[in-house]
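I opened the notebook to look up charged pairs, strand pairing and contacts along the chain. The entries follow in the order in which I went through them.

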Amino acid sequence: MQLVYENRNTGVSAEWKKPVHVPPHLHEAIEVVYVTDGEIELGVGQELFHMDEGDFAVVFPNVIHHYQVFGEKENKVIFLYLEPTLFPSYYRELQIYSPKNPVVKKEQVHPDVVNAIKYLTGITEGDPRMIQAYAQMILAHVFTTMPMMDKSAVGSDDLIYNAVEYVAKNFRENISLEKMAYELCVSKYVLSRMFAKNLSL
């Protein structure tokens, strides 16, 4: 994995890498995904979305997602992380909504989105106002072209999803396997096996 750009003062970080399977996780940033070579599967909630070269996707803050790669083909993907502080006018919408389908196929991706991604992943330093303008350009296209749904509808009854969500909501506390199992109404042994097999938190 090669880190292309990271500067917390501007609220942008990016990775350009060969994707592998990434277990379910969430974070506070908006995650932009752009496939430059090959294909990947993006999982959001219980849905799996296929992405080919040139496809674009976005995952809103605090939405659990994962990645899978099938086959032996060469795959390269840009992962761009945009802090919510870049979008003060969209703050409420980012907390409430999530795209029904996070993927835009290559033929429908606006050239402005591609140009903004290339700009944000290519800079080593830059005018914060320009960085914010390009980031907001991406989000403006997202809200004008992607149907939205209530973020609570993205959840599922899947144990992995519920475990990741539990950890994310309680990460400031001391989390024990017994307490977590009790809160999720499952055996601590089932939970332990699930962590060992599926998750790295």
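With which residue does Lys105 form a salt bridge, and how far apart are the closest N and O atoms? I found that Lys105 forms a salt bridge with Asp52, with the closest N and O atoms 3.7 Å apart, where a salt bridge is a side-chain nitrogen of Lys or Arg within 4 Å of a carboxyl oxygen of Asp or Glu.

Before going on, I noted that this is a predicted model, in which local features need pLDDT of at least 70 and side-chain atom pairs count only at pLDDT 80 or more, while totals for chains, interfaces and linings use all residues. Residues are numbered from 1 along each chain as its sequence is written, and side-chain values use heavy atoms, with hydrogens and water left out.

**Salt bridges.** By the salt-bridge rule I counted three of them. Lys105 lies in the loop between strand 11 (103–104) and helix 2 (111–122) and Asp52 in strand 6 (residues 47–52), so this pair ties together parts that are 53 residues apart in sequence; helices (H or I, at least four residues) and strands (E, at least two) are DSSP runs, numbered from the N terminus.

I then looked up Lys105 with Asp55, a salt bridge whose closest N and O atoms are 2.5 Å apart. Asp55 sits in the loop between strand 6 and strand 7 (56–59), so its pairing with Lys105 links parts 50 residues apart in sequence. Asp55 is buried, with a relative accessible area of 1%, whereas Lys105 is partly exposed at 31% (buried means under 20% relative accessible area, exposed over 50%, partly exposed in between, with a 1.4 Å probe and protein chains only).

Lys188 and Glu178 also meet in a salt bridge, at 3.5 Å from N to O. Lys188 lies in helix 6 (residues 188–198) and Glu178 in helix 5 (residues 177–184), so the pair ties together parts 10 residues apart in sequence. Lys188 is partly exposed at 29%, and Glu178 is partly exposed at 46%.

**Strands.** I found strand 4 (residues 30–37) running antiparallel to strand 9, joined by seven bridges (two strands pair if DSSP finds at least two bridges between them). Asp37 stands opposite Lys76 in strand 9, and six of the seven residues of strand 9 (residues 76–82) are buried.

**Asp150.** This residue belongs to strand 12 (residues 148–150) and is partly exposed, at 40% relative accessible area. Apart from neighbours within four places in sequence, Asp150 is in contact with Ile96 and Tyr97, contact meaning heavy atoms within 4.5 Å.
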